[in-house]
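Open the model in your viewer and keep the sequence panel beside it.

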Amino acid sequence: MSKVKYYYDSETLSYRKIEHKKGRKLGYALLGVTASVLAGFLLLVVYLNLPQIETPKEKAMRRELQNMELQYEVLNKKMTQAQKVLAEVQNRDNNIYRVYFEANPIPEEQRKAGFGGINRYKDLEGYDNSELIMETAKRLDILQKQIVVQSKSLDEIANLAEEKEKLLTAIPAIQPVKNENLKRMASGYGMRMHPILKYRKMHNGMDFSAPTGSLVYATGDAVVKKAQRTTGFGNLVVLDHGFGYETYYAHLSEFKVRRGQKVKRGEIIAEVGSTGLSTAPHLHYEVHKNGKVVNPINFYHGDLTAEEYDIMLNQSALENQSLD
């Protein structure tokens, strides 16, 4: 209950009640409201111009955010370096390894293909550092895919290298008999006069004259496909070298291997003879590739120099009489 105030009236010599005018009351109210608004505004200005006061939790979160940004920058620098190294490996892969092993290079589109379809990074949107995080995630995904592609390529190259090594040891590459002075080559590949049939016919191999009992060598790593007596070739050994290559050794006097046996290049497989349709002790030697007869002169790179090869090439071209 508000207190009632009085004042002394000297004219009437009595106390009279103080009556407040309604307009004055309203003025006081407006003055109070204005003062409150002004005080609030002044406080807001002061607050905005004062340094922000952080709580310990806010300080920790701010430091964690700064550290995260720093770590993303470091990660992006590392990815840039990794991409440079990977690009060099890709270059060697396409222009050296695959060229050597006769493999098709991997197209650039396949190596650097992106990720289509739905937005893979939608969950990373809406944050203060979304752009940084999304860009880093994209680079990391592309780098990972390129590494997978390159890894598969290197696996393929390793398999090709293994097959190449097997091919190099299997392919016929030496002469089937000792021929240091290059005088044992009696007849070459091509049309020749047959010594028994007495007409020109295709001579599918090379004849090496040698005494009966001279050693015959496998010209490459192989498996013995045949070691048997035949009508025309007499005692015959056929070696299967794989990769489509086979070699024939005919008119033998004795076998040193059996069917199914594995042999290495330079290993003794038989002895020279004159069995079958033959006029003198010699070795008839043939090379077959994918079922077709080819000229053996192209398969002596393992034990002939360039000069020696030229000599044998000239000798094999002479149209003399064959020994079988």
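Select Glu-156 and Arg-98: the two form a salt bridge, with the closest N and O atoms 2.8 Å apart. This pair links distant parts of the chain, since Glu-156 sits in helix H4 and Arg-98 in helix H2, 58 residues apart. The model is predicted, and every distance on this tour is taken from it.

Which members of it are buried? Asp-93 and Arg-98 both are. Arg-98 counts as buried because its relative accessibility is 2%, under the 20% limit. Glu-156, at 36% relative accessibility, counts as partly exposed.

Stay in helix H2, which covers residues 56–100, and select Glu-88 and Arg-92; they are four residues apart, about one turn of the helix. They form a salt bridge with the closest N and O atoms 3.6 Å apart. Glu-88 is partly exposed, with a relative accessible area of 41%, and Arg-92 is partly exposed too, at 30%. The salt bridges in the model come to nine.

Next, select residues 58–92. An unreviewed UniProt entry lists this span as "coiled-coil region". In the model the span is 100% helix and 0% strand, and its end C-alpha atoms lie 51 Å apart.

Go back to helix H4, residues 130–170, and pick Thr-169. Where does its side chain reach? The side chain of Thr-169 reaches the backbone oxygen of Lys-166 at 2.9 Å. Beyond its neighbours within four places in sequence, Thr-169 is in contact with Gly-220, Asp-221 and Arg-265. Show Lys-264 as well: 95 residues separate it from Thr-169 along the chain, yet their C-alpha atoms are 8.3 Å apart. Thr-169 is partly exposed, with a relative accessible area of 32%.

Move to Ser-214, in the loop between strand S6 (206–209) and strand S7 (215–217). Its side chain reaches the backbone oxygen of Pro-211 at 2.8 Å. Setting aside neighbours within four places in sequence, Ser-214 is in contact with Ala-270, Glu-271 and Val-272.

For the last stop, select Leu-38, Phe-41 and Leu-42, which form a nonpolar patch on the surface with about 320 Å² of accessible area together. Phe-41 lies in helix H1, residues 22–49.

Conventions
Residues numbered from 1 in each chain as written. Predicted model: local features only at pLDDT ≥ 70, side-chain atom pairs only at ≥ 80, totals over all residues. Heavy atoms only, no water. Helix = DSSP H or I, 4+ residues; strand = E, 2+ residues; numbered from the N terminus. Buried < 20%, exposed > 50% of the residue type's maximum accessible area, 1.4 Å probe, protein only. Contact = heavy atoms within 4.5 Å. Polar contact = N/O pair within 3.5 Å; in protein donor to acceptor, adjacent residues only side chain to side chain. UniProt positions renumbered as here; feature names shortened; annotations may be inferred. Patch = residues over 30% accessible without salt bridge, like charges linked within 9 Å, V, L, I, M, F, W, Y side chains within 5 Å. Areas by Shrake-Rupley, 256 points an atom, 1.4 Å probe, with all protein chains shown as cover. Salt bridge = Lys/Arg side-chain N within 4 Å of Asp/Glu carboxyl O.
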